[in-house]
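Subject: Structure handover

Hello,

Here is the structure you were waiting for. My notes follow below it.

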Amino acid sequence: MTTSIKPLAATLLTIAIYSMAMALLESAVVVYLRELYYPDGFQFPLKGMSLDLAFVEISREFATLIMIATIAILSADNWLKRFAYFLISFAIWDIFYYVFLYVFIQWPLSLAEWDILFLIPTVWTGPVISPVILALLMIVLGLSILYYNRKWKAPLKRIHWLGLIAGSIFALAAFMHDFVSFAVSHFGGIMNIPIDPDVWIHLYTPNRFPWLLFSISCAMITASIVHYIRTQHISNRQIINSQFI
């Protein structure tokens with residue numbers, strides 16, 4: 001099935017608006033939490049949090065992923081396009097989360113500020129610029145997939161998937177590295193951390209972001225995207241040439 005530019009643009013606009021609205025909603029929740037827990041400004045180490053509240057926070061993050069996946073599923077007619085829409089929606093949500101936080105409470109003051117990025121399956125931390133960089137790469141990949149799948153099937157090949165998956169693993173390792181190091185030094189391992197975050201949360205302050213791991217991640221993902229685009233340009237040229245033979 002072919003897809004013209006007009007319906008594609010309309011769908012992308014709808015997803016962008018939806019994702020920005022989600023970002024505003026999440027940033028509003030964080031504003032409330034910071035007003036309650038950090039009236040003098042957000043900083044590490046974190047304030048104590050009960051097990052019940054931690055469960056609510058993790059559930060909220062899981063619900064966010066379901067919402068993004070749902071809009072992606074409803075927006076396309078095959079799994080590759082749905083994957084592309086998921087990437088774009090996730091990336092827009094992630095970027096505008098920080099945009100709205102800055103609008104509401106003038107945070108972060110710089111892209112170098114540390115943040116708690118995610119809590120599933122464990123704590124992710126990193127400078128704000130790190131998820132923003134990955135979000136931009138996700139948008140480029142998502143748009144490339146949608147563009148090249150308008151008129152013909154342009155699947156990601158095995159080499160592309162290997163690069164993207166490997167890059168994602170390195171990114172996860174970079175985001176979790178600091179917290180895992182903390183868990184090893186204080187509790188002997190990630191599995192030994194007490195379930196109740198109130199026991200350890202006040203001990204943790206981010207120390208060092210592994211930029212080498214993160215750079216490898218970005219390099220792998222970028223190389224996969226560039227190779228995919230180059231492959232599709234070659235395929236497109238071959239299709240055009242065959243039409244004149």
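Predicted model: local features only at pLDDT ≥ 70, side-chain atom pairs only at ≥ 80, totals over all residues.

Isoleucine 120 sits in the loop between strand E1 (114-118) and strand E2 (124-127). Which residues does isoleucine 120 touch, not counting those up to four places away in sequence? They are Ile58, Glu61 and Phe62. Glutamate 57 is 63 residues away from isoleucine 120 along the chain, yet their C-alpha atoms are separated by 10 Å.

Now the whole chain. It has six helices and two strands. The order from the N terminus is α-α-α-β-β-α-α-α. Along the principal axes, the C-alpha atoms fill a box of roughly 70 × 35 × 30 Å. The chain has 245 residues, and 41% of them count as buried. Take the contacts between residues at least 6 apart in sequence: 75% of these join residues at least 24 apart.

The H2 and H3 pair

Helix H2 covers residues 51-75 and helix H3 covers residues 79-105. Their axes come within 8 Å and cross at roughly 135°. H2 and H3 are therefore oblique to each other. Their crossing is right-handed. H2 brings Thr64, Leu65, Ile68, Ala69, Ile71, Ala72, Ile73 and Ser75 to the contact. H3 brings Arg82, Tyr85, Phe86, Ser89, Phe90 and Trp93. By class, the contact of H2 with H3 holds 10 nonpolar, three polar and one charged residues.

Helix H4 has 20 residues, 129-148. Several H4 residues are buried, among them Ser130, Pro131, Leu134, Leu141 and Tyr148. Val132, Ala135, Leu137 and Gly142 are also buried.

The axes of H4 and helix H5 (residues 158-187) come within 12 Å and cross at roughly 165°. That angle makes H4 roughly antiparallel to H5, because angles over 145 degrees fall in that class. H4 passes H5 in a left-handed crossing. Where do they meet? Ser130, Pro131, Leu134 and Leu141 of H4 meet Leu164, Ala171 and Phe175 of H5. The residues of this contact divide into six nonpolar, one polar and no charged. The H4 residues named in the contact, Ser130, Pro131, Leu134 and Leu141, are buried.

Phenylalanine 187 is found in H5. Is phenylalanine 187 buried or partly exposed? At 23% relative accessibility, it counts as partly exposed, because buried means under 20%. Leaving aside neighbours within four places in sequence, phenylalanine 187 is in contact with Phe182, Asn192, Ile193, Pro194, Trp200 and Leu203. Tryptophan 200 lies 13 residues from phenylalanine 187 in sequence and 9.6 Å from it in space, C-alpha to C-alpha.

That is what I have for now.

Best wishes

Terms used: Residues numbered from 1 in each chain as written. Heavy atoms only, no water. Helix = DSSP H or I, 4+ residues; strand = E, 2+ residues; numbered from the N terminus. Expected span 1.5 Å × (residues − 1). Buried < 20%, exposed > 50% of the residue type's maximum accessible area, 1.4 Å probe, protein only. Axes fitted to C-alpha atoms, helices over the stretch in contact; angles between N-to-C directions. Parallel < 35°, antiparallel > 145°, perpendicular 65-115°, else oblique. Left-handed = near helix turned anticlockwise from the far one by under 90°. Contact = heavy atoms within 4.5 Å. Nonpolar A, V, L, I, M, F, W, Y, C, P; charged D, E, K, R; others polar.
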